[in-house]
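Here is a short briefing on one protein chain. Keep the sequence and the 3D view open as you read.

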Amino acid sequence: MTTATEFQAKVDKTSINMDRLDQIVNGDADTMVPVDGGQEVPSFLKLQTEAGVAVAGAATARDEAVTAADRASAAAAIGNRGVRSPFQPAATFAAPGLGSEAVWRSAILGVYLPGVTYDPAKYYSFAEITKAANRIDFTLYGASGPTGGYGQPIRTFTLRVSDGYDPDSMSVQRIDSDIGSIAFVPGLIPVGYSGNMYWASAGLDERVFRKGYDLFAATAGLDLVTSDPDTHLIGGGYLSEYAYRHPNEPAEHVGDATFPNAPGLGQYYNFKVGAAVKRIRTAMFTSAGQTFQGKIQVRRLPALIPGITAEVDPAQGELVQEFTFAAGSYPQDIVLTLDKVAYFRAGTSVVVYMIPDSGFTGNIRIWDTPRAGQPNPNGRTGVIYRSGATGPWAFGSATADYAYWQVPLVLESNLIGRDQVEAMLSGVTAAKPRLVLPSKVHAVVGRELNLYYDALALLPDVGLSSPPQFLFDVQCDIGAPTRRSFRVTPTAAQVGNHPLTVLVYDNEDNVVESASTTLSVVAAANPGSVKRILCIGDSTTDDTGVVTKTLQENLASIGGNVPLFIGTHGQAPYNMEARSGQTFGYFANGGGLRFKFTVSGFPANTPFWPFWFFRGLDDSGYILGYEEQTINGGTTGTVIAVVATSPNGQNIGAGWTGQLKLGNAVFNVTNTEALPAYSILKTNGTGPLSIANYISRFNFGGCDLLSADLGINDCRGPLQSEATHMAKIDAAKAIFTSYFAYNANGKVMICLTKSGASTRNIGDVGTQHDSYRMNIHRLRELIIQHFDNGAFDSRVVVCASGLTIDRYYGYPLLDAVPVAARYTETETIHGDLVHPRDNGYKQVADAMTGTALALLA
């Protein structure tokens with residue numbers, strides 16, 4: 001922390017330097033200015049008149065004088081007196097590895113700024129970037145000066161790992177100094193190119209330019225190409241308009257290859273450095289008079305290597321997006337615009353498959369043939385084609401039947417625009433909230449529903465003040481926005497659909513993000529016949545039963561044909577099938593090893609739910625009997641349990657017999673059967689997943705609505721990969737597919753996962769707050785992507801319940817908690833991040849009530 005004395009010393013130093021600079025710049029022909037180190041520097045006029053130095057030489061001397069006079073203070077002090085002239089680079093300008101000056105137009109660190117004209121308050125430079133494993137250096141250059149014809153070095157910025165530099169990060173990082181800032185994405189800057197040097201355009205604020213350097217103004221478009229055909233990326237594809245454009249295209253285009261009655265065509269590109277892609281321009285098209293009908297898939301695969309990869313299969317890899325094409329003629333360069341920016345890391349491929357419903361005459365633009373002895377010269381990539389209606393997709397090479405080399409894909413991104421860049425360079429965060437909102441939100445007449453802003457948006461949590469930095473407004477013809485949520489209590493006259501839009505503003509009243517949905521108000525009326533509801537979930541459903549209890553009470557209060565709740569957990573009339581600590585994967589695939597105890601002498605009339613806690617006779621061991629049981633209040637039967645630890649001196653396994661305690665009551669275990677990969681929804685617990693078997697096994701008499709409220713246990717721990725998230729989605733799809741195989745007329749309600757509490761907590765040490773929030777938000781985005789609006793099946797509807805719980809007051813609060821061990825100051829925080837208090841659970845149930853009634857109507 002700077003002391004008052006230190007601060008005053010810096011002020012005095014700045015004042016001295018201002019006087020020095022004033023004398024250097026404005027002094028007469030006799031002026032000599034004393035500077036640090038006991039030296040004297042002549043004024044510019046003295047240099048010119050006495051030494052006969054040219055103007056350019058005087059400018060160089062001036063720069064040296066500024067350096068001697070402490071640049072940091074001087075640059076801030078000189079104000080508008082420096083030379084500040086817009087400079088348009090001459091046609092002879094060339095930077096190493098870049099070719100003509102055209103590559104530098106209209107860019108700030110590779111950000112494409114179409115139509116931008118010169119701004120006297122903003123100046124632009126270019127940078128030589130040297131990247132190593134533990135540091136990154138940016139050397140900025142001006143547009144004039146003695147160095148190699150491409151400008152005078154201005155300053156080198158350095159960021160080290162010890163300063164927080166992550167060479168693989170895909171997030172925007174900044175380097176700040178007294179003369180300005182650089183924003184960049186480390187993971188998209190290659191290592192090893194041109195002697196570990198990499199060139200980009202850089203943007204700084206006016207502080208650097210008060211030093212008098214001539215710099216580049218942004219006036220026109222930027223083609224991101226390089227003279228090295230195997231490098232492809234410049235400017236950092238993450239920030240650039242063109243993530244990739246090969247330098248030899250279209251110069252080497254020699255014609256079009258035609259594939260009559262083609263079962264399919266494809267193109268690919270291997271990423272040597274990471275990139276973010278929004279649009280893809282292909283070189284595929286239909287012949288004149290020919291039509292194409294079918295789909296085009298964009299997939300992410302490991303890098304495809306000509307001469308090594310023999311076949312490719314559209315079923316392999318991760319599907320980024322699928323496009324459906326109606327019958328029609330599609331001329332050259334089919335362009336695909338992705339719904340969301342897709343991220344590709346180094347060592348992966350983007351593959352575009354053109355898959356017709358039936359054969360078509362397809363074309364692909366091609367280059368000249370490869371040079372001898374070079375199977376993949378100049379970064380060329382071979383054609384992908386399907387050899388037959390049912391055959392494999394062949395990976396073209398020089399020796400293939402179709403020895404063609406495709407005109408490359410052009411990959412584009414508009415991820416960051418001018419406003420965001422200006423914000424980054426002025427010290428204002430360019431981040432904006434990620435909103436999550438399903439296409440429809442249900443509310444029932446007479447029950448309040450809230451949409452909380454800090455649940456809708458992924459932003460830092462700051463407790464009651466969440467979310468920070470932004471202002472929210474909600475536009476809807478019913479209800480009203482409050483400080484922390486949108487709130488509505490519908491009336492009978494408001495039954496029907498109401499458009500709803502969420503607007504997010506910055507502190508200058510600019511809309512930075514928005515999302516729209518339909519608020520669907522349903523009547524408070526039960527279905528015309530008695531229906532059955534099965535609720536599967538985790539501890540937020542299982543531990544207290546408040547959610548299903550409130551849901552049942554809400555429906556019962558309406559009267560009429562009150563739905564029945566089925567399940568082996570809970571208590572009638574609000575039974576359910578939730579399991580504490582469990583996940584989508586548990587219900588679909590099994591949750592590990594369980595043991596089935598055959599018992600006698602069990603204490604009669606013992607309530608089963610939520611679990612039985614068994615111990616050894618010496619009170620050791622930790623065994624939970626909570627899966628299923630056939631004792632039903634008697635003294636004999638079976639119970640399926642999970643053995644966390646065996647009692648002292650025991651090793652519970654298949655065939656084990658002995659005695660256990662429930663409370664103080666001792667009972668006998670006469671046999672133990674091991675049940676690997678057990679799930680209550682699998683056939684007899686261990687066979688294939690089968691909702692039909694589950695319903696018949698417990699004689700439930702049917703199921704008309706399956707509700708799934710899961711995800712909190714799926715999302716604990718560090719930030720998760722996309723593959724990990726997709727495993728949850730796949731498990732959910734497996735459950736729903738099994739359900740529809742049982743009841744083709746049934747409906748499914750999948751609930752958006754609860755966000756968790758909005759402060760740090762002491763009740764769940766194993767949960768990392770920020771990564772937990774990010775994992776949950778991403779899971780909710782994927783639930784909407786894969787299940788909302790009929791994406792998976794029209795019988796599946798997304799319930800917004802996870803967005804309707806108060807993240808501050810809806811979770812248990814602890815007062816007067818010390819901020820740390822060494823402090824007497826206290827704060828109010830949450831005692832549990834994941835488990836709401838009863839009021840919070842009831843808010844969730846109120847939201848589920850509207851969706852359930854809509855599905856059962």
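The points below cover salt bridges, a barrel, a helix, cysteines and some backbone details.

This is a predicted model. By the salt-bridge rule, the count comes to 21. Six strands form a closed barrel. The structure holds zero disulfides.

**Salt bridges**

- Side chains of opposite charge can pair when their charged atoms come close.
- Start with Arg807, which forms a salt bridge with Asp454. The closest N and O atoms of this pair are 3.6 Å apart.
- Where do the two partners sit in the chain? Arg807 lies in the loop between strand E49 (796–799) and strand E50 (813–818), while Asp454 is in helix H6 (residues 453–456), so the pair ties together parts that are 353 residues apart in sequence.
- Are these two residues buried or exposed? Arg807 is buried, with a relative accessible area of 1%. Asp454 is buried too, at 5%.
- Arg807 also forms a salt bridge with Asp461. Here the closest N and O atoms are 2.7 Å apart.
- Asp461 is in the loop between strand E32 (457–458) and strand E33 (471–476), so its pairing with Arg807 ties together parts that are 346 residues apart in sequence.
- Glu318 forms a salt bridge with Arg300, and the closest N and O atoms are 2.9 Å apart. This pair links distant parts of the chain: Glu318 is in strand E20 (residues 318–328) and Arg300 is in strand E18 (residues 292–302), 18 residues apart.
- Glu318 is partly exposed, with a relative accessible area of 32%.
- Which residues join up in a network of salt bridges? They are Arg434, Glu722, Arg778 and Glu781.

**The barrel**

- The closed barrel has six strands, in the order E41-E44-E43-E42-E45-E46. Their pairing is antiparallel.
- From one strand to the next, the twist averages 45°.
- Look at one pair in detail. E42 and strand E45 (residues 658–662) pair in the antiparallel sense over two bridges.
- Which residue in E45 is the bridge partner of Phe614? It is Leu662.

- Helix H13 covers residues 838–856, which is 19 residues.
- H13 reaches 26 Å from its first C-alpha to its last. That is close to the 27 Å expected at 1.5 Å a residue.
- In H13, 15 of the 19 residues are buried, so the helix is largely enclosed by the rest of the structure.
- Ser801 is found in the loop between E49 and E50. Ser801 is buried, with a relative accessible area of 1%.
- What does Ser801 touch, leaving out residues up to four places away in sequence? Its contacts are Cys751, Leu752, Val844, Ala847 and Met848.

**Cysteines**

- How many disulfides does the structure hold? It holds zero.
- A disulfide needs the two sulfur atoms within 2.5 Å.
- Cys799 counts as buried, at 0% relative accessibility.
- Cys476 is also buried, with a relative accessible area of 18%. The cut-off for buried is under 20%.

**Backbone details**

- A cis peptide bond joins Ala572 and Pro573, with omega at about 10°. Pro573 lies in the loop between strand E39 (564–566) and strand E40 (577–578).
- Asn605 has a phi near 60°, a positive value in a residue other than glycine. Asn605 lies in the loop between strand E41 (594–600) and strand E42 (612–615).
- Is Asn605 buried or exposed? Asn605 is exposed, with a relative accessible area of 66%.
- Ala677 is not a glycine, yet its phi is positive, at about 50°. Ala677 is in the loop between strand E46 (665–675) and helix H10 (691–697).
- Ala677 counts as partly exposed, at 31% relative accessibility.

Notes:
Residues numbered from 1 in each chain as written. Predicted model: local features only at pLDDT ≥ 70, side-chain atom pairs only at ≥ 80, totals over all residues. Heavy atoms only, no water. Helix = DSSP H or I, 4+ residues; strand = E, 2+ residues; numbered from the N terminus. Buried < 20%, exposed > 50% of the residue type's maximum accessible area, 1.4 Å probe, protein only. Salt bridge = Lys/Arg side-chain N within 4 Å of Asp/Glu carboxyl O. Expected span 1.5 Å × (residues − 1). Pairing = 2+ DSSP bridges. Axes fitted to C-alpha atoms, helices over the stretch in contact; angles between N-to-C directions. Contact = heavy atoms within 4.5 Å.
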